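Let's take a friendly walk through a protein model, from its aromatic rings to its helices and strands. Have the sequence and the structure open as you read.

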Amino acid sequence: MGKYFVQNFGCRASQSDGAALDAMLSAKGLESADQRACADLVVLNTCTVTSSADEDLRQTLRRVHRENPAARILVTGCYAQRAPQELASFPGVEWVVGNSHKTQIADLVTLDAPTPLRATESYHGNIHVGDIFAQHEFLSAPVHDSAADRARPNLKIQDGCNNRCSFCIIPFVRGRSRSAPAEQVVEQVRHLARRYREIVLSGINLGRWGRELPLQHTGGSHMRLADLIRLLLAETGVQRLRLSSVEPMDLSDDLLGLMAASPRIAKHVHAPLQSGSDRILRRMHRKYRPRHYADRIRKARALMPDAAIGADVMVGFPGETDADFEETRRFIDALPFTYLHVFTYSERPGTPAAEDRDSVPVCVRRERNQELRALAADKNRSFREVMVGRTLSAVTLHEPGRALTDNYLNVELAFLREPNSLVEIKVGAITRNGVLEAPFGMYNIRRIE
């Protein structure tokens with residue numbers, strides 16, 4: 001096969017899956033190519049959370065085949081699990097491998113794939129897709145060298161989701177919630193901590209870590225995420241842990257208290273909201289109400305006054321009226337968010353919401369998206385202005401002169417430092433999208449726009 005190139009799309013969990021694929025292909029003796037055009041094998045590790053994610057992948061498929069027509073293309077990931085026949089029809093695609101078979105990819109491309117396939121699996125040509133809910137294997141590897149940020153490796157410790165939000169396709173392409181055993185996580189973090197200052201823990205539904213693990217994999221007790229973090233702090237030399245997204249119902253007092261108390265945990269809370277309207281949350285089949293969400297966010301702010309607090313918000317969900325949207329806007333305005341990820345609702349085939357005929361016009365969805373983005377920008381700017389004059393801990397990035405603070409602010413450094421270092425910086429001004437380090441400890445210098 002010669003050289004391979006893995007390109008990842010989507011969330012941190014997908015990035016971690018791609019890192020695992022990279023490691024498995026390398027272990028088979030294949031050589032990593034610097035770019036797609038030089039690869040004999042191109043692996044596209046896909047996302048399917050929105051229609052735009054699907055379109056990005058389709059455009060990439062055409063581009064790969066045009067740039068490198070001799071390359072053998074393997075498509076895997078969530079889109080491959082959802083629509084394998086569609087992807088197999090593209091020129092140059094030799095294999096389509098769902099998440100159900102992702103752990104077999106290295107064997108498959110080196111002609112060592114086990115045969116015959118189990119009865120639970122579907123096989124047509126080089127399509128390998130089976131029942132994702134029968135999947136028990138946990139594919140995991142830290143992202144050592146993601147293109148965007150090589151100073152902060154991402155470690156997936158949980159996969160799949162047992163929730164059934166009416167808009168979400170992810171449980172049907174990722175399967176049931178599965179957790180990496182505690183001893184495996186400890187060993188991986190211990191290894192990474194020798195090389196990196198900050199490690200990001202991620203998952204499809206991170207807050208559910210450990211819920212389904214047998215007792216022998218959680219130290220003989222019913223461990224939860226907070227217990228795992230305590231174990232990592234006690235048994236590894238990690239200097240900073242950062243948690244990715246945690247659902248509001250999993251932001252327990254125990255977890256928030258631990259985050260506030262430990263200087264080795266980034267002061268950064270990201271809790272998906274989706275809507276501030278009680279009626280819409282019920283239509284979405286979300287498991288909390290606005291009052292519950294607000295309680296968790298206010299608790300986080302009380303414990304961590306300078307923390308970054310972010311949320312995912314969806315606009316244009318079927319049935320969302322002007323009044324529902326205004327309720328969401330007011331709800332967000334009243335809470336101490338420092339940033340938002342705003343998404344326009346996208347119909348996903350196979351989900352209950354996609355069958356709802358009470359759709360919101362696309363132009364209205366886009367208008368609501370812009371309104372919330374403007375509100376988020378104002379909140380983020382106000383938060384950054386409050387930070388002027390403060391001294392914050394930051395990890396330096398591989399991009400020269402850039403760093404990321406404990407509370408998730410992008411920093412333009414006054415002086416170059418070695419990447420992958422923890423440094424103290426004094427905030428001197430805000431920039432268009434971040435903050436500027438004050439040279440020689442000065443602050444209140446002019447705002448940079």
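The report below covers ring pairs, a helix and a strand.

## About the model

This is a predicted model, in which local features need pLDDT of at least 70 and side-chain atom pairs count only at pLDDT 80 or more, while totals for chains, interfaces and linings use all residues. Residues are numbered from 1 along each chain as its sequence is written, and side-chain values use heavy atoms, with hydrogens and water left out.

## Aromatic rings

The structure holds seven aromatic pairs. Rings of Phe, Tyr and Trp (its six-membered ring) pair if their centres lie within 6.5 Å; planes under 30 degrees apart count as stacked, over 60 as edge-to-face and the rest as tilted. One of the pairs is Tyr 288 with Tyr 293, tilted at 40 degrees between the planes and 6.0 Å centre to centre. Tyr 288 is buried at 3% relative accessible area, and Tyr 293 is buried at 0% (buried means under 20% relative accessible area, exposed over 50%, partly exposed in between, with a 1.4 Å probe and protein chains only). Ring pairs also join Tyr 288 and Tyr 293 with Phe 331 and Phe 337 in a cluster.

Tyr 339 and Tyr 408 form another tilted pair, with 5.2 Å between centres and 45 degrees between planes. This pair links distant parts of the chain, 69 residues apart: Tyr 339 lies in strand 14 (residues 339-344), and Tyr 408 in the loop between strand 16 (402-405) and strand 17 (410-412). Helices (H or I, at least four residues) and strands (E, at least two) are DSSP runs, numbered from the N terminus. Tyr 339 is buried at 11%, whereas Tyr 408 is partly exposed at 31%.

## One side of helix 8

In helix 8 (residues 225-235), the buried residues are Leu 225, Ala 226, Leu 228, Ile 229, Leu 232 and Leu 233. They lie on the same side of helix 8, because they cover an arc of only 160 degrees around the axis (taken from the directions from the helix axis to the C-beta atoms).

Ser 202 is the bridge partner of Lys 156, and Arg 240 in strand 11 is that of Glu 198.

Conventions:
Two strands pair if DSSP finds at least two bridges between them.
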